[in-house]
Amino acid sequence: MSRRRRSAALLSALVTAVAATAVATPSQAANPIITSIYTADPAPLVVGNTMYIHAGRDEAPTGGSNFVMREWHVLSSTDAANWTDNGARATIATFPWAGADAWAGEVEPRNGKYYWYTSINGNGAGWMNIGVAVGDSPLGPFTDAKGGPLISDSTANSSGLNIDPTVFVDDDGQAYMYWGGYWGPRAVRLASNMIDTVGPVVTPTGLTNYWEAPWMFKRNGLYYMMYAANDTSGCVTDSNYACQRYATASNPMGPWTHRGVVLGQVSSTTNHAGIVEFNGQWYIVYHNANAPGGGNFRRSVAVDRLYFNADGTIQPVVQTTTGPPPNPGGGGGGSGTNIAPSATASTSYVSSWESLAAINNGGTPANSQDRSNLAYGNWPQQGTQWIEYTWPTAQSINKSSVYWFDDNQGIDLPASCALEYWNGSQYVPVQLQSTCGVAGNVENVNTFTSAVNTTRLRLQITSRSGLSTGVLEWKAFRS
Ligand code: FUB
């Protein structure tokens with residue numbers, strides 16, 4: 001395999017990404033979180049120490065009476081209070097088979113890839129479709145993953161309006177997609193490639209007064225479905241508006257049991273929201289018409305805290321104009337001490353033009369190509385390689401983070417990773433609170449379910465087919 005693997009297409013995509021990054025626009029903490037443009041239909045995603053929001057952009061003129069939506073932006077924050085607009089990361093042109101209406105979507109990670117499911121108006125028969133794009137990081141660049149719609153009006157039992165996908169991958173690896181507008185929720189299983197459906201499209205039961213905009217997640221073994229409703233029986237004062245109701249289920253395909261209202265009426269007629277946990281706090285992201293010059297087709301994303309009761313029910317959200325207080329958490333170092341610099345590093349293999357010293361020489365890279373503070377790489381090895389820290393005395397460790405090296409040549413982001421520790425007689429897996437992170441351009445923070453006491457910590461790294469892997473910085477935090 002050539003060390004100089006580099007295609008013109010990849011270069012062009014990178015140039016696009018770098019250009020978009022160059023115009024990143026930070027804002028002050030407040031709701032709405034971004035006022036330099038109008039944003040809508042937010043879908044939150046936590047990767048490492050960063051919360052991302054994938055959102056549409058409203059471009060309707062003042063007084064406009066229709067959506068004008070041509071692109072999706074990615075907003076990001078490391079404290080849930082101060083947000084940066086990273087620019088348009090996907091547009092209608094991302095889908096060559098489509099021509100209009102970049103409506104609501106959601107990004108779901110799997111196998112080191114990020115799948116962006118979107119509502120988009122196809123050029124074929126019917127109106128809205130569900131498309132899917134794929135990228136290597138939450139910021140993209142994203143390309144059409146399928147060459148046509150995943151769901152369209154031709155799909156048997158599809159919704160009356162095929163919009164607003166929410167995708168959820170369960171602990172057993174099975175993925176589910178819910179979507180639908182005009183009171184027509186639908187559900188289907190996705191294949192492990194994330195771009196094909198498996199089995200029939202079904203109509204879920206129990207989503208009382210469902211209108212559109214589902215959002216699925218799981219907490220403490222219970223499945224939650226939040227969705228927009230527009231009834232006047234406890235939801236809104238005028239059915240042109242919507243609230244967010246929610247239901248729970250013990251099975252990802254339902255049946256669902258309606259539990260109540262999460263988010264009341266907002267100042268825009270549409271109400272679209274997502275829920276996520278970040279640095280130990282739950283958040284709801286939603287949109288309203290509160291930005292200067294805002295309106296029903298000039299919406300803006302807001303973020304507020306969300307609280308669960310002890311029985312798993314959700315407390316009604318208090319909408320604020322201040323937004324949540326900064327919550328930098330412990331991600332990327334934070335409260336714990338990084339003890340990697342005091343360890344001796346070893347590895348199964350290091351290539352001659354890279355350096356093992358890179359992994360614990362401190363600092364946080366600017367991106368996955370930033371080798372200014374050295375880089376570790378194992379090209380031309382493929383499959384599983386490891387790096388390891390050894391301390392002279394046992395350390396109590398409860399968290400680790402890794403910043404992957406990707407030279408866009410022979411070294412790429414891994415397919416997967418795993419942490420192990422030496423228990424005195426053998427290596428055993430470190431149990432993590434979520435899947436070992438393999439995202440590019442971010443610090444992937446892996447929090448342990450409980451601290452381990454050990455003299456040796458090992459990071460197992462499995463490459464993608466035909467490629468090798470690398471690390472810019474690997475941290476281990478004392479509990
Ligand atoms: O933004 C266009 C549409 O409005 C979304 O797809 C719906 O959820 C509603 O927010």
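The legends below describe close-up views of one predicted model.

**View 1. Confidence along the chain.**
The average pLDDT of the protein is 91, and 93% of the residues score at least 70. Residues 1-22 keep a pLDDT under 50. For that stretch the model has 30 contacts beyond four places in sequence.

**View 2. Strand β4 and the strands paired with it.**
Strand β3 (residues 50-58) runs antiparallel to β4 and is joined to it by 6 bridges. Gly 56 has Trp 72 in β4 as its bridge partner. Strand β5 (residues 84-91) is also antiparallel to β4, with 5 bridges between them. Here His 73 stands opposite Ala 88 of β5. The hairpin of β4 and β5 has 6 residues between the strands, and Ala 80 in this hairpin takes a positive phi near 65°.

**View 3. An open sheet of four strands.**
The sheet has 4 strands in the order β15-β16-β17-β18, and their pairing is antiparallel. Its edge strands, β15 (210-219) and β18 (257-263), each pair on one side only. On average, neighbouring strands of this sheet are turned by 25° against each other, direction ignored. Strands β16 (residues 222-229) and β17 (residues 243-249) pair over 7 bridges. Within that pair, Met 225 has Ala 247 of β17 as its bridge partner.

**View 4. The largest nonpolar core.**
This core has 30 residues. Those with the most contacts inside it are Ile 387, Trp 404, Leu 457, Leu 459, Val 471 and Trp 474. The elements that give two or more residues to the core are β25 (384-405), β26 (416-422), β28 (444-462) and β29 (470-478). The largest share, 6 residues, comes from β25. Leaving out residues up to four places away in sequence, Val 471 touches a set of residues including Ala 358, Tyr 376, Ile 387, Trp 404 and Ile 461. A second, separate core has 20 residues, among them Ala 90, Ile 92, Trp 97 and Tyr 114.

**View 5. The two disulfides.**
The structure holds 2 disulfides, and with bonded cysteines counted along the chain they follow the pattern 1-2, 3-4. One of them joins Cys 235 and Cys 243, with the sulfur atoms 2.1 Å apart. The torsion about this S-S bond is about -120°, so the disulfide is left-handed. Cys 235 is buried at 9% relative accessibility, and Cys 243 is buried at 0%. Cys 417 and Cys 436 also form a disulfide, with sulfur atoms 2.0 Å apart. Its torsion is about -110°, so this disulfide is left-handed. Cys 417 lies in strand β26 and Cys 436 in the loop between β27 (427-429) and β28, so the pair ties together parts 19 residues apart in sequence. Cys 417 is buried, with a relative accessible area of 12%, and Cys 436 is buried at 8%.

**View 6. Pro 316 in its loop.**
Pro 316 is found in the loop between β21 (300-306) and β22 (337-338). Its relative accessible area is 61%, so Pro 316 counts as exposed. Not counting residues up to four places away in sequence, Pro 316 touches Val 261 and Val 262. Trp 282 is 34 residues from Pro 316 in sequence and 13 Å from it in space, C-alpha to C-alpha.

Definitions and conventions: Residues are numbered from 1 along each chain as its sequence is written. This is a predicted model: local features need pLDDT of at least 70, side-chain atom pairs count only at pLDDT 80 or more; totals for chains, interfaces and linings use all residues. Side-chain values use heavy atoms; hydrogens and water are left out. Two strands pair if DSSP finds at least two bridges between them. Axes are lines fitted to C-alpha atoms, for helices over the stretch in contact, and angles run from 0 to 180 degrees between N-to-C directions. A nonpolar core is a set of buried Ala, Val, Leu, Ile, Met, Phe, Trp, Tyr and Cys residues joined through side-chain atoms within 4.5 Å. Buried means under 20% relative accessible area, exposed over 50%, partly exposed in between (1.4 Å probe, protein chains only). Contact means heavy atoms within 4.5 Å. pLDDT is the predictor's confidence in each residue, from 0 to 100. A disulfide is a pair of cysteine sulfur atoms within 2.5 Å.
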